[in-house]
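Have a look at the model first, then read on.

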Amino acid sequence: MIVSGRTLAHDVTIDAPACVVGTGAGGSVVLRELARAGLSPIGLEEGPDHGAFDQREERMLPELFQEHGGRMTDDLGITVLGGRGLGGSTIHNTNLCKRIPPEVLAEWKKTVSGLDSVGSSFDAIERDLSVSPIPEVNANNDILRRGVNALGWRGGLLSHNRVGCIGSGFCELGCAYNAKQNARKVLIPEALERGARIYCDVRALRIQHDGAVSAVIARAASGATVTIRTKVVVLAGSAVGSAALALASNVPDPHVQQGQSLRIHPGSVVAGVFDRDIDGWRGIPQSWECTEHLDFREGSEKRVWITTAFAHPIGTAVTLPGFGAAHMKMMRSYRKLAVLTAMVHDQTAGRVYVDGERPRLRYKMLPSDRAQMTLGLRACAEILLAAGAREVMIPGVPPRTVRRASELASVEPRMIPLTAVHPMGTMRMADSPRNGVVGPTGEHHHLKGLFVADGSLFPTSIGGPPQISIYAFALHVTPHIIAAARR
Amino acid sequence: MERRRFLRSAVAWGVSSAAVVASFVRVLDYDRSDRRIGHMRALAAWEVAVVDALAERLCAADVAYGELGAPPTPRECEVVAFVDSFVAASEPAIARELHAAFGAVEHAFPMLIRSPRRFSRLSEADRDRVLAAMESSSFELVRGCFAGVKSLVMMGYYRDPRTWGVLGYDGPLVARPAGGWVPLRHKP
């Protein structure tokens, strides 16, 4: 059963074996597994159960993203996008499924026990979500492939979770054809069928605790108070939302770990102008990657992941530098543009904190990460030029237009506009309470009954799209959540 | 150390108080005859003037209006009405920040070109200079403010299907009468 908090006329108090806060990749797995175990969990979702996806940016972007798509770090330096609504970010993402690299997992195993079995969680969730390499690449991805091949660099086809896709290319605005094998389509219906209840448009405000978890207090969009009395609370509201709720609830944190170690994969885009029409908005986005500058071995200074990043008109207008007549002239090249993005496998440790009820982000990029960003933007430009771009536009102040690869060595972009879509690591997993917030079971080191099941768990950045890893890690900790709910 | 902190706080308090007083005085003198103002849910008359002034320059055409191939004007695309509805639908904390951003554009950022005038009363060339200075400022907050207002205005402008013809964008697939399958290309 799904209840909208907009319709709640009175305060509600519910007893439940477990309450899951957030219904994206992590929360949906936990809800389904709890329901499968015969427990009837309650899910809380701050956003709505999205209705129609009308492929209009001005309506869908504010609806699908936290803070209307305007969430930024506190210095306004980086836009940080996160999903909002039933299904979380799995509603608007591009369905990329890429496992945590083995080198990263090996590093995590040094501080987290029990991760040997996480492989089986990946296998299981990939089956559930029908993950497979996508059959065809669109023109924008073809340019990435051709550029990478021309340079003799490393790259390859990506896997996605989509079935029945018609290649409309509107993935980032939600799928009007229900072809995404996402949390809302695959996991939540089964959870509901088996007895889970989900309250949408209800925002968790704080966790009540006294040595152990006792309740979650939430506020519905109607203004009603929703109280869930429970001994198990699962935080699955993203690395931003989960940390913010723990901080707002004064959850014990003697080693000051909560909200720390925020990683975000900061990224930026390079656009190439071609002589022919590319029509990059058509077809499946982000189906190819370049991993030439991504080396996960310890001490490596290749920490850049490259893929495509085409956008519809509003996204493109916002991303292209400048304004006025010059900007309009660039926009007239819309059909001839191919766009690539470089994301940094970051070492910068930002943090989440709360300002009243609002989560805030502090993230000051390390010089080493900035150097990686420069490397990534140059690499994107080189790929586009190798694929035949007439010119490429590199962001920064001032933006640079480059026509030959030989010019790239002198490009040192300053003050690059950055966007991040992968917050991670603010409630990280570690055997020792000195190194992390939760233990290897996902349970909080200092508060019994509080679990975490989203990207907050990750001890470091993972250097690639996190959705399948979030699903898998949530599945990995779920047996412990079920055991706690039965305690 | 304590004394330094006190002095810093005092200076910050003084500057903000002066800014608040100046802003208050300066919001009094705006044209209220614009019929759109009566329909605004979130924007005050002075903000309508600011958003209009921003949109005119951020979305300025590369071809003279009225000529072949010219895009629609921001006013035709009702950018102000869109921004108003966006602010009205925003959470209070975000709406406050947006109002503050419009105030900063109007009253503070003309200082970047050493102009004492309001943004909405500057010449087109000076408004462009202010916007360029914001975009290239070494202060992230100023650049962030530019990015924020640019995003909002661009959203209000490029949502209008009349702008899509300029780009060659064919619009949402679900809205087309034929609908249907989009051919994919380039088998791997």
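A polar contact here is a pair of N or O atoms within 3.5 Å; within protein, one must be able to donate a hydrogen and the other to accept it, and residues adjacent in sequence count only if both atoms are side-chain atoms. By that rule, 14 residue pairs (both at pLDDT 80 or more) are in polar contact across the interface of chain B and chain A.

Some housekeeping: this is a predicted model, where local features need pLDDT of at least 70, side-chain atom pairs count only at pLDDT 80 or more, and totals for chains, interfaces and linings use all residues. Residues are numbered from 1 along each chain as its sequence is written, chains are lettered from A and ligands numbered from 1 in the order in which they are written, and side-chain values use heavy atoms, with hydrogens and water left out.

On the confidence side (pLDDT is the predictor's confidence in each residue, from 0 to 100), chain B has a mean pLDDT of 85, with 78% of its residues at 70 or more.

Now the chain pairing. H6(B) gives the most to the side of chain B that touches chain A, with twelve residues (helices are DSSP runs of H or I, at least four residues, numbered from the N terminus). One of the salt bridges joins Asp170(B) to Arg282(A), at 2.1 Å from N to O; the term means a side-chain nitrogen of Lys or Arg within 4 Å of a carboxyl oxygen of Asp or Glu.

Chain A itself is assigned domain 1 (2-50 + 85-129 + 182-261 + 424-486) and domain 2 (139-166 + 264-420), bounds that come from an automatic or database domain assignment. Their C-alpha centres lie 31 Å apart.

| Interface | Buried area | Share on carbon and sulfur |
|---|---|---|
| Chain B and chain A | about 4700 Å² | 61% |
| Domain 1 and domain 2 of chain A | about 2400 Å² | 58% |

Thr94(A), Asn95(A) and Leu96(A) supply 20% of the area that domain 1 of chain A buries against domain 2 of chain A, more than any other three residues.

Terms used:
Buried area = accessible area lost by both parts, 1.4 Å probe. Helix = DSSP H or I, 4+ residues; strand = E, 2+ residues; numbered from the N terminus.
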